[in-house]
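User: I'd like to go through the labels in this model and hear what backs each of them up.

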Amino acid sequence: MGIWPVFIVNDDPKRLTFTVAVDEKRELNFSDGFQVQDDVTDVRRRYATAAVLVRLHQRTFREKVLHAYRHACALCRLKHDSLLDAAHIIPDAEDAGEPLVSNGMSLCKLHHAAFDQYILGISPDFIVEIRTDILNETDGPMLKYGLQQMHGVRMQLPRREKDKPNRDALAERFQRFKSA
Ligand SMILES: [Zn+2]
């Protein structure tokens, strides 16, 4: 632990981030999830290191989503936090992509990537659909059990109504899956 002068040089309430400047990069000791950027500002040139604390909401979002889904993948029920992501239904970068649990799903790494790549879609009725060409492929157990057997499965839902995936968001995303 150390105490040293820190200056808030910029903040961005919309993204829940702010920028602080400190005088020595080596004194930075932020926990993971934060990134340190070298960035000399005109305002504080002698404070040569600016640390940008990025996306604080992401951590909360991840924690909330994983909790809502009882720390399991909504599709395959894998229960290892280190292999789970809080996937956005409407991507984070877009305005509608609010960090609400109802815009998220707990997905394992495979299913998150497959969802993002439109290899799998989830209907507004929470049914998993696998892309046709993937269904027709022949390959090993990851394809067979990890993807093909997910076809037609109903995703696991959070208990609380307000945590359940927003059906409008799912419908919009499902439309993109269908037209991808
Ligand atoms: Zn999974």
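Here are a few questions about the labels, with their answers.

Analyst: Keep in mind that this is a predicted model, where local features need pLDDT of at least 70, side-chain atom pairs count only at pLDDT 80 or more, and totals for chains, interfaces and linings use all residues. Residues are numbered from 1 along each chain as its sequence is written, and side-chain values use heavy atoms, with hydrogens and water left out.

User: What makes Cys73, Cys76, Cys108 and His111 donors of the zinc ion?

Analyst: A donor is an N, O or S atom within 2.8 Å of the metal (3.2 Å for Na, K and Ca). The SG atoms of Cys73, Cys76 and Cys108 and ND1 of His111 lie 2.1 to 2.3 Å from the zinc ion, so they qualify.

User: Why is histidine 111 called buried, but cysteine 76 partly exposed?

Analyst: Buried means under 20% relative accessible area, exposed over 50%, and partly exposed in between (1.4 Å probe, protein chains only). Histidine 111 has 1%, so it's buried; cysteine 76, with 28%, is partly exposed.

User: How do you know that glutamine 148 is buried?

Analyst: Its relative accessible area is 18%, so the buried label applies to glutamine 148 too.

User: What does glutamine 148 touch?

Analyst: With contact meaning heavy atoms within 4.5 Å, glutamine 148 touches Ile134, Leu135, Asn136, Glu137 and Leu143, not counting residues up to four places away in sequence.
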